[in-house]
Amino acid sequence: MELRAFFAAQRLLRPQPAEGPITPIAPPAVAYGRADLRQPPNPDEHGYHTPLAQMTLLDYHRFIGEWLVAAADTGRVRCAVCDRQLAGAGEPQLWRVWAAEGAYVCWLPVHAACRQGVQRGLGLLTPPILVPGLRLYDVSAIVRGDGASGGPQGG
Ligand SMILES: [Zn+2]
């Protein structure tokens, strides 16, 4: 399944303000560090146990969380706020994955200690996410199996 079709079905595509007859659409992105947004991985291309076509949004949140933990194990993930390298799976309580929903949707690995800087970190992205009332979802609780406590966390 194409990621774009999945994102469209999950209502994760965001129209961008633009001049001209065509309004660009922003698909979700994954942060690998401060202002370092990249295209999310497709589980079908990585042999994940659940095919994308069968995933709920919660399943995809879980996949992204596991993906970032695995990437952190190899030293490839930095905090979206302070840009310091994140620890791997051995120290999962030191950082969390947040799903931010605003002008576009993105997943952000952030140190627990950097939690207060998330809004500022979002402002450093290009283009910045400038949405009052931005909602942040703590994906890590979902990844750890603490239940579906993915509700709005304020911000
Ligand atoms: Zn940090």
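Three residues make up the hairpin that links S5 to S6. Helices (H or I, at least four residues) and strands (E, at least two) are DSSP runs here, numbered from the N terminus. The model is a predicted one, so to speak of local features takes a pLDDT of at least 70, while side-chain atom pairs count only at pLDDT 80 or more, and totals for chains, interfaces and linings use all residues. Residue numbers start from 1 along each chain, following the sequence as written.

Back to the strands. S5 and S6 run antiparallel and are joined by seven bridges; two strands are said to pair if DSSP finds at least two bridges between them. Along this pairing, Trp95 sits opposite His111 in S6. S6 also pairs with S3, this time in parallel, through two bridges, and here Val30 is found opposite Trp107. Because six of its seven residues are buried, S6 is largely enclosed by the rest of the structure. A residue counts as buried if 20 or more other C-beta atoms lie within 10 Å of its own, as exposed if 12 or fewer do, and as partly exposed in between, with C-beta atoms placed from the backbone.

A contact means that the C-beta atoms of two residues, placed from the backbone, lie within 7 Å.

Trp107 and Ile64 turn up again in the largest nonpolar core, which has 34 residues; they are among those with the most contacts inside it, along with Trp98, Cys106, Leu108 and Val110. Such a core is a set of buried Ala, Val, Leu, Ile, Met, Phe, Trp, Tyr and Cys residues joined through C-beta atoms within 7 Å. H2 gives the most to this core, with seven residues.

What about H2 itself? Buried residues in H2 include Tyr60, Phe63, Ile64, Trp67 and Leu68. Just after the helix, Gly75 takes a positive phi of about 75 degrees.

Finally, Tyr48 lies in the loop between strand S4 (37–38) and helix H2 (57–73). Tyr48 counts as partly exposed because it has 16 C-beta neighbours inside 10 Å. Setting aside residues up to four places away in sequence, Tyr48 touches Pro43 and Phe63. Tyr48 and Phe63 are 15 residues apart in sequence, yet their C-alpha atoms are 8.3 Å apart in space.
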